[in-house]
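Biologist: I am new to this structure. Could you show me how to read its helices, pockets and backbone angles?

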Amino acid sequence: MKFFVDTANIDDIKELNEYGFLDGVTTNPSLIAKSGRDFKEVIAEICALVPGPVSAEVAAMTFEGMVSEGEYLARIADNVVIKLPMTLDGLKTCRHLVRKGIKTNVTLCFSANQALLAAKAGATYVSPFIGRLDDTNIDGMDLIRDMREIYDNYAFQTEILAASIRSANHVKEAAIAGADVATIPPAVIKGLANHVLTDKGLEQFAKDWAATGQSIL
Ligand code: G3P
């Protein structure tokens, strides 16, 4: 499963990039607002930092507006992916941009039928929001499982990009359910490596090694 980081914070991206397991980045208008940065500038900076796909979301709601914004954003860097809302105009724009060779990410997906439409529109990625479904007492992971079954039934090439990830368990469950990608908040990514027994074991190894009085170098 590919790991994208879900942020527009350059420092977080730089830190995680050092560990070598970042396959891409996703942003959205809320994350751009949180960064306090100029949208086009921060997208360009992220694209230069991370060679993988970098999602940049349009703000327009009409087909004409989304096409103009999407084509403009796609010119920022070769690894820009245009994020489009799961609406009829968003799907029409998706089909238009895909025909022009521009990669797309249909976002705010909350149902299997929406995911089916995104795949039929040729979306490169579709972003089901797990956490926000959980917030409404609907199991967001059921959507990932349904999408995996539908996409495999018809050999759709659209990649399932599990989003609205809130915990390490979401990452594990999304991987078990067969998501192609998980876009994960920086803190959750860093937390994936943590385990109390690892810490305890390492502490004991250090004590026992110190007791040997030896050094490796
Ligand atoms: O990628 C979508 C993500 O940023 C939304 O997360 O926690 O606001 O549902 P959240």
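Modeller: We will go through helices, pockets and then single residues.

Biologist: What should I know before starting?

Modeller: This is a predicted model, where local features need pLDDT of at least 70, side-chain atom pairs count only at pLDDT 80 or more, and totals for chains, interfaces and linings use all residues. Residues are numbered from 1 along each chain as its sequence is written, and side-chain values use heavy atoms, leaving out hydrogens and water.

Biologist: Which residues of helix α9 are buried?

Modeller: First, the terms. Helices (H or I, at least four residues) and strands (E, at least two) are DSSP runs, numbered from the N terminus. Buried means under 20% relative accessible area, exposed over 50%, and partly exposed in between, with a 1.4 Å probe and protein chains only. Helix α9 covers residues 168–177, and its buried residues are His 170, Val 171, Ala 174 and Ala 177. They lie on the same side of α9, because they cover an arc of only 135 degrees around the axis. That arc is taken from the directions from the helix axis to the C-beta atoms.

Biologist: What covers the buried residues of α9?

Modeller: Look for contacts, meaning heavy atoms within 4.5 Å. The cover includes strands β1 (2–6), β7 (159–162) and β8 (181–184). It also includes helices α7 (130–134), α8 (140–153) and α10 (186–191). Just after α9, Gly 178 has a positive phi of about 95 degrees.

Biologist: What span should helix α11 have?

Modeller: The expected span is 1.5 Å times one less than the number of residues. Helix α11 (residues 196–212) has 17 residues, so it should span 24 Å; its end C-alpha atoms are 25 Å apart, which agrees.

Biologist: Now the pockets. What is the volume of the largest pocket?

Modeller: The search uses a 1 Å grid over the protein atoms alone. A pocket is an open set of points with protein on both sides within 12 Å along at least five of seven lines, whereas in a cavity a 1.4 Å probe fits but cannot get out. Lining residues have an atom within 4 Å of a point. Points are joined across faces, edges and corners, and a volume is the space filled by probe spheres set on the points. Here the largest pocket has about 560 Å³. It is lined by 25 residues, and the closest to its centre are Asp 6, Asn 28, Ser 30, Leu 31 and Arg 132.

Biologist: Which element gives the most to that lining of the largest pocket?

Modeller: Helix α2 does, with 5 residues. The lining divides into 10 nonpolar, 7 polar and 8 charged residues. Ala, Val, Leu, Ile, Met, Phe, Trp, Tyr, Cys and Pro count as nonpolar, Asp, Glu, Lys and Arg as charged, and the others, Gly among them, as polar.

Biologist: How does the lining of the second largest pocket divide?

Modeller: Into 7 nonpolar, no polar and 3 charged residues. This pocket holds about 150 Å³. Helix α4 gives the most to its lining, with 3 residues. Phe 39 and Tyr 72 are among the lining residues.

Biologist: Is Ala 155 buried or exposed?

Modeller: Ala 155 is exposed, with a relative accessible area of 52%. Ala 155 sits in the loop between α8 and β7, and has a positive phi of about 55 degrees.
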